[in-house]
Amino acid sequence: GLADDDRTTGSMTWLRWTGLAVALGALALGREATPPRALWLWDPIPLLDDARAGAAFFDFCERQRVGVVWAQIHTSTPGGSRRLDRPSDWQRFLADAHRRGMKVHALDGDPHFALREQHLVPLSIVEAVVAYNATADPGARFDGIHFDNEPYVLLQWRVPRLREQILAAYLDLNAQAAAIARRG
């Protein structure tokens, strides 16, 4: 009996101290331990056109604790090489975001990008963002690239054999995109 009571008392003491340590750790971490929210920005053009609208957007993000913005980009292929549209406007926008402690990822995507025959398009978009970052000041660079491809909306997705092919191609696309981004 006595040995069992000692073990129980010892276990209860250990559990109390563990509970107290967890509670104190949570209090010490406080609000900073909560990860920032992320926000999709599908139409950044009004914010690129008007610095006051951009400031209002960033004020909103600060109030809502948004720390990451996934901003839709547009690219074009003048002279055959894909480039980010409006680079000087993006420099201002990104510098404003970074001054406020926010990160901005270039956003694009299309379900068809997952298909192997379409991979050149998203890979050229990654290359365009990398090229932009290479010429921009450090405080005016994209912090990442986010693709919203959603291949499950393709009709081929409904056929298990084709779904497997799409998934294999999609994984290959992601590996290639990551390799390009790392090199940049």
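**View 1. Surroundings of Phe93 in the predicted model.** In this predicted model, Phe93 is in contact with Leu41, Leu47, Leu48, Phe57, Phe58 and Val104, when its neighbours within four places in sequence are left aside. Ring pairs also link Phe93 with Phe57, Phe58, Trp90, Tyr132 and Phe142 into a cluster.

**View 2. The largest nonpolar core.** This core has 39 residues, and Phe57, Trp90, Phe93 and Phe142 are those with the most contacts inside it. At least two residues of the core come from each of strand E1 (37-41), helix H2 (45-49), helix H3 (51-63), strand E2 (66-72), helix H4 (87-99), E5, H5 and helix H6 (160-183). Among these contributors, H5 gives the most, with six residues.

**View 3. The ring pair of Trp40 and Trp42.** The count of aromatic pairs comes to nine, with rings taken to pair if their centres lie within 6.5 Å. In the pair shown here, the ring centres of Trp40 and Trp42 are 5.1 Å apart and their planes stand at 5°, so the two rings are stacked. Trp40 counts as partly exposed because its relative accessibility is 35%, and Trp42, with a relative accessible area of 48%, is also partly exposed.

**View 4. The ring pair of Phe113 and Phe147.** Phe113 and Phe147 form an edge-to-face aromatic pair, with 6.1 Å from centre to centre and 80° between the planes. Phe113 lies in the loop between strand E5 (103-108) and helix H5 (120-135), whereas Phe147 belongs to strand E6 (residues 144-147), so the pair ties together parts that are 34 residues apart in sequence. Phe113 has a relative accessible area of 9% and is therefore buried.

Technical notes
Residues numbered from 1 in each chain as written. Predicted model: local features only at pLDDT ≥ 70, side-chain atom pairs only at ≥ 80, totals over all residues. Heavy atoms only, no water. Phe/Tyr/Trp six-rings, centres within 6.5 Å; stacked < 30°, edge-to-face > 60°. Buried < 20%, exposed > 50% of the residue type's maximum accessible area, 1.4 Å probe, protein only. Helix = DSSP H or I, 4+ residues; strand = E, 2+ residues; numbered from the N terminus. Core = buried A, V, L, I, M, F, W, Y, C linked by side-chain atoms within 4.5 Å. Contact = heavy atoms within 4.5 Å.
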